[in-house]
Amino acid sequence: MDVWNLLLNGFAIAATPVNLMWAFIGCVIGTGIGVLPGLGPAVTVAMLLPITAQVEPTASMIFFAGIYYGAMYGGSTTSILLNTPGETGTMVTALEGFKMAKSGRAGAALATSAIGSFVAGTIATMLVTLFAPIVAEFAVKLGPPEYFMLMLLAFTTVSAVLGKSTVRGLTALFLGLAVGLVGLDQISGQVRYTGGIPEFMDGIEVVLVAVGLFAVGECLYTALYEGRSELQLNTMGTVHMTRQEWRRSWPAWLRGTALGFPFGTIPAGGTEIPTFLSYGIERKLSKHPEEFGTTGAIEGVAGPEAANNAAVTATLVPLLTLGIPTSVTAAVLLSALQNYGINAGPQLFQTSSNLVWALIASLYIGNVMLLVLNLPLVGLWVKLLAIPRPQLYAGILIFATVGVYGMRQSAFDLYLMLGIGLVGVLMRRFDFPTAPVIVGMILGPLAEAQMRNALSIGEGHWRVFVDRPMSLGLLILVILVLLLPRLLALRAAMAQDAAAKG
Amino acid sequence: MSSPATLHQTFVGMGALLVGAVLAFGATGIPANAGYAGVGPNFLPWVVAVVLVVCGAWLIWEARTGGYRALETPSGAARGDWAALAWVAAGVAVNAMLINRAGFILACTACFMLAVRGLRLSEGKPHGGPKGLVIDFVTGFLIAGPAFWMFTKVLAINLPGLTASGWL
């Protein structure tokens with residue numbers, strides 16, 4: 001079957017009333033948690049992971065994807081009106097969006113971000129439709145050594161390259177790997193690091209760590225440090241763009257999409273780089289540079305928003321074709337698949353073809369739903385921001401309990417969640433990145449299995465990683481990714497030195 | 001000449017070092033049985049332990065030589081409101097203690113009441129006396145109740161009730 005038929009088949013599955021309902025609920029919840037400060041898509045999906053015990057895989061993946069997507073739409077609303085970005089991806093939106101809102105153009109900012117998200121999301125979904133099967137076909141040829149190198153690349157980029165400090169990124173990554181070690185070893189069945197506690201035999205659930213770090217950690221941090229921080233809510237006005245604003249938004253959306261998509265597909269994690277790059281480019285190209293940072297420029301909202309959504313959509317390519325998550329939410333989605341005993345990877349397109357194509361089809365549908373939910377109905381969502389902070393965060397704790405306790409009915413997990421929450425407070429206070437913890441704990445056991453399988457193939461020789469050309473190529477890429485930014489920084493510093501002397 | 005920041009950062013580094021040391025101690029108890037692969041189940045534990053010890057030492061060194069590099073100033077107040085933190089943490093702990101005895105709804109309502117009290121304290125607002133307690137109880141119940149019914153009745157997730165009726 002060619003791609004077109006597969007996609008039509010996907011639409012047939014995604015458009016059944018039940019699946020449409022799941023997509024819609026996902027979009028609604030996603031937009032809601034995107035608007036609310038304090039909750040992100042990763043932790044929301046994590047809290048809802050217990051439903052994987054009851055709901056069938058296709059429906060729950062459609063549901064989770066709706067949440068992931070919806071949070072990106074909703075997050076920009078909060079960035080524009082409240083200047084507290086809900087997600088890292090909408091941080092840049094806050095730069096210009098909040099300025100626009102302050103000078104009375106919140107409506108235009110909200111419109112360009114919602115429509116831009118729709119344009120970027122739809123184009124990116126088309127690209128996923130076209131490219132994911134090709135990547136999957138190629139990925140079937142990869143063996144354990146190549147997989148291990150790909151995972152090593154993901155580890156390197158997510159911890160050492162993206163963050164501000166290599167040592168803090170590495171500490172976070174290896175904490176995650178340490179958490180992933182607890183329980184039974186996948187290959188030999190050896191028990192590791194359970195300390196005689198029976199609850200640890202099955203390993204530590206990702207729900208527990210994600211909810212502890214993000215939801216409970218956020219709640220504790222707010223109580224400890226944020227009590228006196230005042231928030232100022234901008235008034236919204238009508239959601240409308242003038243003809244000139246349309247003209248200024250279009251090229252920015254397209255450029256943002258072109259920039260965001262490739263960054264989402266490579267295991268370089270995160271939406272921060274493409275959104276910041278897009279902001280920089282729009283600022284350089286704009287015919288109205290005087291508006292940037294003063295009254296707010298519409299390009300500075302349109303470009304990064306599009307880049308954000310394109311990157312988020314593109315993370316599905318490595319997730320579905322290689323089984324490698326490049327963002328925290330993708331990591332949680334991977335563990336949802338694991339709960340069903342489905343191995344994400346190139347075989348997924350053959351073994352679970354219906355699931356994959358229904359998921360992709362649901363993205364097209366979800367984008368339309370989200371446009372409707374976010375443009376005419378934005379006024380409803382803004383009302384959520386009126387919930388007082390104490391009740392909001394205390395309420396989050398109740399849902400955290402549902403997720404963590406619902407997973408395996410153990411009160412022990414709730415104490416552990418509190419402990420992880422306290423670690424989360426420390427990490428936030430001392431500026432440790434949290435994404436590497438989650439990626440490390442989920443990808444760690446997979447990477448270990450691939451490494452040991454690769455070494456078995458090589459009969460115990462590490463040479464196996466350099467003897468195979470693909471694996472060697474990836475290894476060189478890992479080294480380049482590690483060294484290049486440092487060399488560039490060094491060169492810049494030397495150039496500065498020379499300039500200072502000369 | 002150690003400022004509080006230096007001290008705190010050193011402690012965090014020592015924490016990482018300690019985790020690494022504990023992992024290393026644990027790794028000594030894991031057999032190697034490597035088989036064909038040449039590395040066994042104890043290989044990654046040793047790698048993780050050694051890297052964490054190195055990272056911990058590196059963090060301590062950074063802390064003692066001018067503080068963590070490229071550190072972003074954390075958001076919020078400079079000094080923590082520890083009483084507020086204690087209330088919220090107590091909420092989660094009470095929830096864990098009660099959930100198997102009093103059921104999901106009541107345990108979560110208690111957690112909500114304690115957490116709201118802590119968060120309101122951190123904002124410097126009064127807790128509202130007995131009337132406030134009643135309002136918090138009702139609010140918490142109105143969140144925990146529907147959440148319980150939705151997850152147990154609609155999604156068939158197993159959450160504990162106080163009675164066998166399935167409604168409380």
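The centres of domain 1 and domain 2 of chain B, taken over C-alpha atoms, are separated by 38 Å. The model is predicted: local features need pLDDT of at least 70, side-chain atom pairs count only at pLDDT 80 or more, and totals for chains, interfaces and linings use all residues. Residues are numbered from 1 along each chain as its sequence is written, while chains are lettered from A and ligands numbered from 1 in the order in which they are written. Domain 1 of chain B covers 4-64 and domain 2 covers 82-154; such bounds come from an automatic or database domain assignment.

The largest nonpolar core has 224 residues. Such a core is a set of buried Ala, Val, Leu, Ile, Met, Phe, Trp, Tyr and Cys residues joined through C-beta atoms within 7 Å. Buried means that 20 or more other C-beta atoms lie within 10 Å of the residue's own, with C-beta atoms placed from the backbone. Ala210(A), Val211(A) and Ala115(B) have the most contacts inside this core. Helix α3 (residues 82-122) of chain B gives the most to it, with 23 residues. Both domains of chain B give residues to this core, so it lies between them.

Two helix pairs in chain A were examined. Helices are DSSP runs (H or I, at least four residues), numbered from the N terminus. Helix α2 (residues 17-35) and helix α4 (residues 57-82) of chain A pack at an angle of about 30 degrees, with their axes 6 Å apart. Axes are lines fitted to C-alpha atoms over the stretch in contact, and angles run from 0 to 180 degrees between N-to-C directions. α2(A) and α4(A) are therefore roughly parallel (under 35 degrees). Helix α5 (residues 91-102) and helix α12 (residues 299-314) of chain A pack at about 150 degrees, with their axes 8 Å apart. That makes α5(A) roughly antiparallel (over 145 degrees) to α12(A).

Methods
Parallel < 35°, antiparallel > 145°, perpendicular 65-115°, else oblique. Buried ≥ 20, exposed ≤ 12 C-beta atoms within 10 Å, placed from the backbone.
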